[in-house]
Number of protein chains: 4
Amino acid sequence: MGMASYALASRDCQAQDTIVEINTSHKKIFIGEGYCTVIAGPCAVEGIEEYLAIARILQTSGVHVLRGGVFKPRTSPYSFKGLGSEGLKIISEARDITGLPVITEIMDVRDLDLLYENVDVLQIGSRNMQNFTLLEEVGKIDKPVMLKRGLSATIEEWLLAAEYILSGGNRRVILCERGIRTFEHFTRNTVDIGAVALLKQLSHLPIIVDPSHATGRWKMVSPIARAAVAAGADGIMVEVHQNPDQALSDGKQSLTPQNFDKMFKKIIQLAELDGKIIQ
Amino acid sequence: MGMASYALASRDCQAQDTIVEINTSHKKIFIGEGYCTVIAGPCAVEGIEEYLAIARILQTSGVHVLRGGVFKPRTSPYSFKGLGSEGLKIISEARDITGLPVITEIMDVRDLDLLYENVDVLQIGSRNMQNFTLLEEVGKIDKPVMLKRGLSATIEEWLLAAEYILSGGNRRVILCERGIRTFEHFTRNTVDIGAVALLKQLSHLPIIVDPSHATGRWKMVSPIARAAVAAGADGIMVEVHQNPDQALSDGKQSLTPQNFDKMFKKIIQLAELDGKIIQ
Amino acid sequence: MGMASYALASRDCQAQDTIVEINTSHKKIFIGEGYCTVIAGPCAVEGIEEYLAIARILQTSGVHVLRGGVFKPRTSPYSFKGLGSEGLKIISEARDITGLPVITEIMDVRDLDLLYENVDVLQIGSRNMQNFTLLEEVGKIDKPVMLKRGLSATIEEWLLAAEYILSGGNRRVILCERGIRTFEHFTRNTVDIGAVALLKQLSHLPIIVDPSHATGRWKMVSPIARAAVAAGADGIMVEVHQNPDQALSDGKQSLTPQNFDKMFKKIIQLAELDGKIIQ
Amino acid sequence: MGMASYALASRDCQAQDTIVEINTSHKKIFIGEGYCTVIAGPCAVEGIEEYLAIARILQTSGVHVLRGGVFKPRTSPYSFKGLGSEGLKIISEARDITGLPVITEIMDVRDLDLLYENVDVLQIGSRNMQNFTLLEEVGKIDKPVMLKRGLSATIEEWLLAAEYILSGGNRRVILCERGIRTFEHFTRNTVDIGAVALLKQLSHLPIIVDPSHATGRWKMVSPIARAAVAAGADGIMVEVHQNPDQALSDGKQSLTPQNFDKMFKKIIQLAELDGKIIQ
């Protein structure tokens, strides 16, 4: 493939794996080669009681990072768009209570300061993978950024999007494979497990897989999470909801806490087989 | 297809075609059923002399709207990103001199006031078709917005993106088909002429075709422009450059002024055959 | 693109356009540069009376070649697969009565002799574009072959499939664009009108467009047929049925004879504007 | 998804997993739930000495089924198409010497008797997944058939292709995921590991993954093979060549015997973790 166009993201530029450190008041969490990191939570923050309850349950299972959407990118202007800054207070409180780091999505550059204050990892969603304005802004901060792959993005385009952030000065970039669009209509997207193996060759950046969005079917989440770890992914991000049937978004792809716990144990077993550090 | 999820954009909601009026100090330009509107100019504004020269040439050919990128979305952070606000002054001056309305792309919500003052039509590019923050902001203004189709967007997603703008109160939305991503590697994208015919059934919004980006090959621009008009498109948008070989971006898909003029005449001939008003 | 891998199909090999001559007892029909050829008929031959009736109607409209499927490739083994050799007798009789040449699809190499005797043009369907055994066999005969593009085939793969036939000695190959698979679900396929313009540059072979299969919606057939001719296609192939609602296959994309006649007149008008010979 | 259109292939029709038995004079091999079966060999049979040598090496590693192409479907008519019936004698001899069952691809219905005599499993390649004539013929025999997924086939189309074979009376169908076409150009295809998890829900048929064709890059073969087994695949099929650099086809995706052996051991380890029977 010749000289990579994504210089800073390439392994040619940096042979050693990047291990992203997430600092919280309680403990440090690492994402990168040698670790297996599990991020979990509901698709959207729906209310304070529900969120704190699920956060405590996930903490008990052993989850490393909490997720929860407050600004939701929705295909239709008429869909539920998240609780906004109200939701931000809720995840911030869950962080204080559990001591776990939290991740949420940023959609608007004007929200950067607010999000910077309240969360530990900023997520750039699929639809914004090529929102270059947003990439440039998160490239200037000193917090980890999880960059989801665009719905039809090639690996090169994805690494070039990462390059926008890296070249701005922020080297704490985590890639997240969340399925690509294909002709398949039985699943929401098609998970590209090959991307994990390929990225480990091409780049030093950590790579996480999101089997919930990638499949859209909760029964596929556990096998795909296992496949991701077996292929070398540095962790997974999954959606968990107390009552998937009543979720305001993405219920069909959400695990119950019980099924999540079963999956978590299998993932840890596979990670141990590979000699990974369990945090 | 049942009740459309894109209510305001659907023909069920409004049977009559939307005709977008573009006001300038000199004359009115219309885009919509019954008209054939030609938008042309270089991919990027490269300098004041070059831009004013091409603007005058295009005015002589009979072009209705001038294009010129000043904020350029680029896959790589290392590519030429346009002249920015400096470029904006240039297209604004071309507008004053020629009396033609101008269109340019907006990438950042924070640039909205600046662009509002200086241009007649705001373009939302492919990569920002689902930048919902940006869609919401241009939905609040009283200037026409040209919404380009996302690289892998379905027609429904595209109409839902238009719905974001319409539901904000701005009813002057123009759709622009610019090719979709397919497996073909001989062309930059694959132009979806079927989208023109389909949109005329589903929606009342005007539809423009951009054969330059859709093909990436200047020799294909004229046949595809003709096909677009024959299929019922309300106009075309094409890239023209005095020296395509030396263009800072998209030279391979740019027509010379001579070839543009030939194409323009054929387009007008087809439009007249269909009984369209020539502005 | 360097030296073409599809040597015999390339324009580098033969600058002059191939014009395929179809011989029947009554008259000669040509497909290629300078002509506009219209092929029409029902998707499948359903019975002798119905087929002879539609054949006569189409003859009156001025159609140049009759189509009618007798061996139907079906995604499900439980769908109607055509009348087989019984259907072949019917189209052969329609040929005798109208004097028009007929085209039908070949699926099995073992049917070659039977089809050779009864039809004037053999069609290779999309699903068999890379059935290399079949391509090799039709490469040995002296009858025109219409090669439909595979559902997800690139232009290069399509030309290489043509190369199989050409290199076998049969130079009478006609390409047929019938839509490619994309993410769009409002239409059956996505018609690639750009392929017409591109093929005219890359190859000397004639190119026909099938707007019926390409769209799957009869209301789109006429605009796409016009777009095809405006882009430079050498003709079109469309499905026509007396009672589209009762068709055994593809009713939704079939024109009534009345709508076909309207479309035919518009196509001829466009072809005349381009100075094409009307047969 | 309602009532499945692929009745015989669906789990609704048969809740119990199909376990395909491959009989040879020496021993029985099983493919299906509870087993992990490894198929390996060179892409194409290139000569008797080379093939017998690699067959013995693979036998020593513990491979369960030998592969080797003798009729090769090639995109270009000018590429190496395999040794044909000469190659068939070679794999048949390897079968006699090693006692291992052999699999090869059938492209032409006229070769069926010859292949039936000489091989234990017939493979239908991607390009022939919808060669319905061929599917019908292998549906009439009493030998296992491995059906590769078409390059852009949906799961439903693939299961309907299997249905052609099943409804003909042959119930010994093995599915093989070999990657689908996507926009990615760094890999040959994109492996769909999600298909494994989905098929285990929808169907009772065994599913094998081919990481060699799916990726086109030998360094990705081992991680993808592991991912496949972790996701629940019933086995893998990989390409192995003594001198990948000198292979007549697919060298870039072939493992050396040494790398194959390492991968084989890891696969077995994962299969044992899942409680699978090692044959």
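Biologist: How many of the five residues of strand E3 (residues 37-41) of chain B are buried?
Modeller: In this predicted model, Thr37(B), Ile39(B) and Gly41(B) point one way from E3(B), while Val38(B) and Ala40(B) point the other way, and all are buried. The strand is therefore largely enclosed by the rest of the structure, the count of buried residues in E3(B) being five of the five.

Biologist: Which residue of E10(B) is the bridge partner of Thr37(B)?
Modeller: E3(B) pairs with strand E10 (residues 235-239) of chain B in the parallel sense, and five bridges hold that pairing. Within E10(B), the residue that partners Thr37(B) is Gly235(B).

Biologist: What is the handedness of the β-α-β crossover from E3(B) to E4(B)?
Modeller: E3(B) is also joined by two bridges to strand E4 (residues 65-67) of chain B, and these two strands run parallel. Ile39(B) stands opposite Val65(B) in E4(B). Between the two strands the chain passes through helix H1 (residues 48-61) of chain B, and this crossover is right-handed.

Biologist: Which helix gives the most to the side of chain A that touches chain D?
Modeller: The contact takes 33 residues from chain A and 33 residues from chain D. On the side of chain A, the elements giving two or more residues are helix H5 (155-167), helix H6 (193-202), helix H7 (211-215), helix H8 (218-231) and helix H9 (257-273) of chain A. With eight residues, the one that gives the most is H8(A).

Biologist: Is Leu159(D) buried or exposed?
Modeller: Leu159(D) is found in helix H5 (residues 155-167) of chain D. Not counting residues up to four places away in sequence, Leu159(D) touches Tyr6(D), Ala9(D), Leu202(D) and Ser203(D). Since 27 other C-beta atoms lie within 10 Å of its own, and 20 or more are required, Leu159(D) counts as buried.

Biologist: How many of the 14 residues of H8(D) are buried?
Modeller: The 14 residues of helix H8 (residues 218-231) of chain D should span 20 Å at 1.5 Å a residue, and the end C-alpha atoms are 20 Å apart, which agrees. Just after H8(D), Gly232(D) takes a positive phi of about 110 degrees. The helix itself is mostly covered, and the number of its residues that are buried is 13.

Biologist: What ipTM does the model score?
Modeller: For chain A the mean pLDDT is 95, and 99% of its residues reach 70 or more. The model as such scores a pTM of 0.96 and an ipTM of 0.96.

Terms used:
Residues numbered from 1 in each chain as written. Chains lettered and ligands numbered in written order. Predicted model: local features only at pLDDT ≥ 70, side-chain atom pairs only at ≥ 80, totals over all residues. Buried ≥ 20, exposed ≤ 12 C-beta atoms within 10 Å, placed from the backbone. Helix = DSSP H or I, 4+ residues; strand = E, 2+ residues; numbered from the N terminus. Pairing = 2+ DSSP bridges. Right-handed = clockwise from strand over helix to strand, strands pointing away. pLDDT = per-residue confidence, 0-100. Contact = placed C-beta atoms within 7 Å. Expected span 1.5 Å × (residues − 1).
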